[in-house]
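Reader: Hi! Could you walk me through this structure? I'd like to start with the metal sites.

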Amino acid sequence: MKCRKCDRPARVVLHYSGLSLCEQHYVEYFAKRVCDCVERYRMLRGARRVVLAISGGKDSAAMAHVMVNFFKGLEFVGLHIDLGIPSYSDASLRAAKNLAKLLGLPLVIVPLRDNYGFTIEELHAHRRALLRPICSICGMVKRYILNAETLALRANVLAVGHNLDDEFSVALHNMSLGDFEALRKGGPVLPEENGFARRIKPLYESYESEARLYAQILKLPSTTVKCPYSKGATTTRMKEATRRLEELYPGFKLRFMRFYVKKLKPLLVERAEGVISRCAICGMPTSGTICSFCRLRSRVEDVKRKSVRAV
Ligand code: SF4
Ligand code: ZN
Ligand code: ZN
């Protein structure tokens, strides 16, 4: 099969539109799609300095590559959190450094152990006492640190590499739980307000397979080592469970997420309740007195103290 735009052989046929493209035209197509998403949702309006969250994986590599190459007038800084998960974190850190070098991007590295006194590996060991699945704890930790470090870097926008499949899985999971609050906090852009930097998702309308292919064709540095805890994660299971849905109804996830952003989320925002105040310990935004991150830290210290006493 030939590329729809030239005479070269097609490397990909887009499952939701039937468009066949060669490598070069696919790269152009993907970058334009991401740029269109950034424009459509006005992600960079009023951006001063933009932090790019670089996990070491393919999604954030593809996201950072498009941002740095297609939004030239802006100042970008890469941010990587070293989660302290054996072998996975080392490989991720290496990939993040190589990507930053390739893109000419300054990279700030935040080692969880040095800066916050714990690692995800330790939290995993104490997960029962912490009463939450490890990915839920890790997700909260990453959200908190990315926001805090973005503000510390005097940036007002934080870009993350979440793709359409990630976002669809999370939205579906939150719907199944009836968690309106979490659904209200979803979407391609979370505004800069109440102590939060604006959080943007340039890959919001790009499938995981599309980002992966872009990164592969351009040979962007990224790790193939998977987090050992990803296997049982809810988003991983949701992705597996909904693969068939996308095969039967090509473009289903994209249509669903556009419906969520345009019709559903505005209703939820209208009905939003609760006031955002400041955490009495760290000063970051919270709906209670102490934020979830500080509550986690004090719980981790308790658990560690108890386990030392038990020994
Ligand atoms: Fe964290 Fe879970 Fe992702 Fe591993 S799979 S990095 S524990 S959120
Ligand atoms: Zn072509
Ligand atoms: Zn706090």
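Reader: What spacing do the donors of the zinc ion (ligand 3) follow along the chain?
Author: Those donors are spaced C-x2-C-x8-C-x2-C. Before going on: this is a predicted model, where local features need pLDDT of at least 70, side-chain atom pairs count only at pLDDT 80 or more, and totals for chains, interfaces and linings use all residues. Residues are numbered from 1 along each chain as its sequence is written, chains are lettered from A and ligands numbered from 1 in the order in which they are written, and side-chain values use heavy atoms, without hydrogens and water.

Reader: Thanks! Which atoms coordinate that zinc ion (ligand 3)?
Author: The SG atoms of C279, C282, C291 and C294, at 2.3 to 2.4 Å. Donors here are N, O and S atoms within 2.8 Å of the metal (3.2 Å for Na, K and Ca); water is not among the atoms, so sites may look incomplete.

Reader: OK, what about the zinc ion (ligand 2), what coordinates it?
Author: C3 (SG), C6 (SG), C22 (SG) and H25 (ND1) do, at 2.1 to 2.3 Å. In sequence, these donor residues are spaced C-x2-C-x15-C-x2-H.

Reader: How exposed or buried is H25?
Author: H25 is buried, at 13% relative accessible area.

Reader: Switching topic: which residues surround ligand 1?
Author: Ligand 1 has L83, C135, C138, K142, C227, Y229 and S230 around it.

Notes. Near = heavy atom within 4 Å. Buried < 20%, exposed > 50% of the residue type's maximum accessible area, 1.4 Å probe, protein only.
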